[in-house]
Amino acid sequence: MSAITVDNISKKFRLPHHKKTTLFQHALGLMKRQMTYEEFWALRDISFEVEKGETLGIIGRNGSGKSTLLKILAKVLYPDSGTVQISGKIASFLELGVGFQPELTAAENIYIYASVLGISRRETGMVYDQILDFAELKRFEDMKLKNFSSGMYTRLAFSTAVNCNPDIMLVDEALAVGDTAFQKKCMAKIDEFKAQGKTIILVSHAMDTVRKICDRTVLLHNGVIVSLGDTDSVILDYASLSGSAGLKPEHIPLAVDWDGDGRQELCLFKHGLWFIDMDHDGEFDPRSDKKLGPFGVQPGDIPLAIDWDGDGRQDLAIYRQGKWYIDINRNGTFEPGEDLELGPFGGQPGDIPLAIDWDGDGRQEMAIYRPGGKWLIDLNRNGIFDPGEDLELGPFGVHPGDVPMAIGWDGDGRQDLAIFRKDTLYIDTNRDGLYREGTDLAPLGPSPLAEAGTPLAIDWQGNRRQDYCIFLDGNWYMDSERNGLFLEGGYIRFGPFFR
Amino acid sequence: MHELWQYRELTWNLTVVELKNRYQNTTLGFLWSLLSPLLLALVMFFVFRYMWGQGADFPAYLLVGLMAWRFFAMGTTSSVYAIAGKPSLVTKIYIPRKILVLSNMLSNLISSLLEFIIIIPIVYVVLGHLPETIVLFPLIFLIYFWFVYGIALFLSSVFVYFRDLSQIWEVLVNVLFFLSPIFYPMVQITDRTRFFYLLNPLTEFVIMYRDVMIYGTLPAWYSLVITITASIAAYVIGSITFNKLQRRFAEEI
């Protein structure tokens, strides 16, 4: 049996050109015969059902219509067309503490707020002590509300609201109230509600909360439902939706040979999602290209592509606080048990991870470039650096802002170490962990384009040699001249990656 | 109607909150609020006492008229803000919006009742007795209440869209004060204008109040007809306007 049936509702807002709020202005407007407002569809043809006992999430960007939808469900706004049917006692928490009176005491306010929520005095009396206990405000029962701190205020409001036993709850991000301990109690209360078979509708930007509580989720975009269903997949859709909103610095470019055809594909890692340009046209197209993840993002995560098992295909991996998480089962997410967790490598702040096939056996090893210029390569492949068994090279020469790289420049099947410094790439072709002009390959660059962008090594052509590539403003520049100068005509440009 | 009954506790709570806020939670607060009409009555008494050769009951005449007038003036001017002044109760939660107007009216009703309770002893002292017809007071008050409630519904909903209504209404209220027989006797009205003058429902209400509270006569039948018709008309027009406009309240506030 459904608790809420939303049938084909649409909502139109009027956006006045100049807001007229007086009779005088309206009279003027009539005389000048101006169009007084524009129409704007906040919601269009929205239909869905919520089963009794179900928790439904509503997500979407700012201005996508989430709050409008919630307000229509709460009967605060009227839809211009369509109907909403609700069975059961509904409590809406678009804002906590509606109707609170600062001049009255906490006790009086509990009864007032409860009556605003449609709860009778008798019913409130029965849970009165429970409310004060839950809010931890028993001592302040007779204090005037104006003397409450904002935390106490919200606690009192939340406690009154949740103890009033509604069948259906509409919640607009009001969950994050109070300190950590109180938040835990709130989450426990929500779980309790779920266990009691109450229906909850939650509008939120906090994807973790949505993932944790919601059985199903609706994704709104520009007033229409673009996705509805299983929470995880809808959150993925949301992530890709935000993905097309333009590039931001946190987007990390990668080269990954995902399909194992010997050519590396362009890949962008952002918000925990991997976007792989499978058809090699330099642009991401959701139909022909691949989107994987989310891997679960934490600040400081560094994405890698690594052919750990030597099957010729590179897998996706994340380096997180000294540990390596390799997505062996190739679904873009990390599942403990199925996927590989290695390390810790002895994570020091500033460590930069690399995947490198140092020995040329077709499998890539894990390596760390440590500030100060040392290379630590995990030759025995256990994810931990063991002095003696593993390789320590360098120092390469310290310079702040150096970017380490593994690059198979010469096509001998082994990857070499390289450092990108400011605008130039230095490759250690004689493999001693040091760069010396004369014995190593001449510096590639300098190039103003490289200085502005992010470098990567990519075997774009599939000829077993990796080329030098710069990612800048969503475009990929391949150094076709192989001199690092990126002069006009000396590179091939692809992109922009996202349209 | 059914819904209003469901929310009767909220209506009552909001009425009490309104009263508590108005009188700062004290009994003295109410007495202070009486000070200004009583002072006004006193001033008028001294100013107009000899002007029209008043009888001994002029103080009672003035007080009853002023208090009856106050219910209209206070009820309508405060109702202008009944919706727009409580944005969170309109935009953040669903309650029948009429409750906001109704509770405002109820608090005015209670204030007005208290005021009458205070002036009845004064009337008794002035007249030396109280007419038995005073038992009809609640009936007249009820008709009056619906009249003012209808106007309140209209004002509160229109104000959401047109914010200069408060000033316009203030002017109108002042004009109506002089168009109603509050501080001057009806005999001043010439026969030519008398008919139109009596069409003003406020005049009729004031006359009826005085009839039952001072003169001990039953209200005239045409007074009853005019006031009941006016109350029904005000309520119907107010309700229709309110119901139509309330759909976009949450957007306009």
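**View 1. Helix H3 of chain A and its buried residues.** In H3(A), the buried residues are A:Ala106, A:Glu108, A:Asn109, A:Ile110, A:Ile112, A:Tyr113, A:Ala114, A:Ser115 and A:Val116. Buried means that 20 or more other C-beta atoms, placed from the backbone, lie within 10 Å of the residue's own. Helix H3 spans residues 106-116 of chain A, and 9 of its 11 residues are buried, so the rest of the structure largely encloses it. Helices (H or I, at least four residues) and strands (E, at least two) are DSSP runs, numbered from the N terminus. This is a predicted model: local features need pLDDT of at least 70, side-chain atom pairs count only at pLDDT 80 or more, and totals for chains, interfaces and linings use all residues. Residues are numbered from 1 along each chain as its sequence is written, while chains are lettered from A and ligands numbered from 1 in the order in which they are written.

**View 2. The cover over H3(A).** It includes helix H4 (121-135) and helix H5 (150-162) of chain A, together with H2 of chain B. Just after H3(A), A:Gly118 takes a positive phi of about 85°.

**View 3. The contact between chains A and B.** Chain B gives 22 residues and chain A gives 27 residues. Residues are in contact if their C-beta atoms, placed from the backbone, lie within 7 Å. On the side of chain B that touches chain A, H2(B) gives the most, with 6 residues.

**View 4. An open sheet in chain A.** Its 6 strands follow the order S5-S6-S7-S3-S8-S9, with mixed pairing. Strands pair if DSSP finds at least two bridges between them. Strands S3 (residues 55-60) and S7 (residues 199-203) of chain A run parallel, joined by 4 bridges. A:Gly57 stands opposite A:Leu202 in S7(A).

How values were computed: Two residues are in contact if their C-beta atoms, placed from the backbone, lie within 7 Å. A residue is buried if 20 or more other C-beta atoms lie within 10 Å of its own, exposed if 12 or fewer, and partly exposed in between; C-beta atoms are placed from the backbone.
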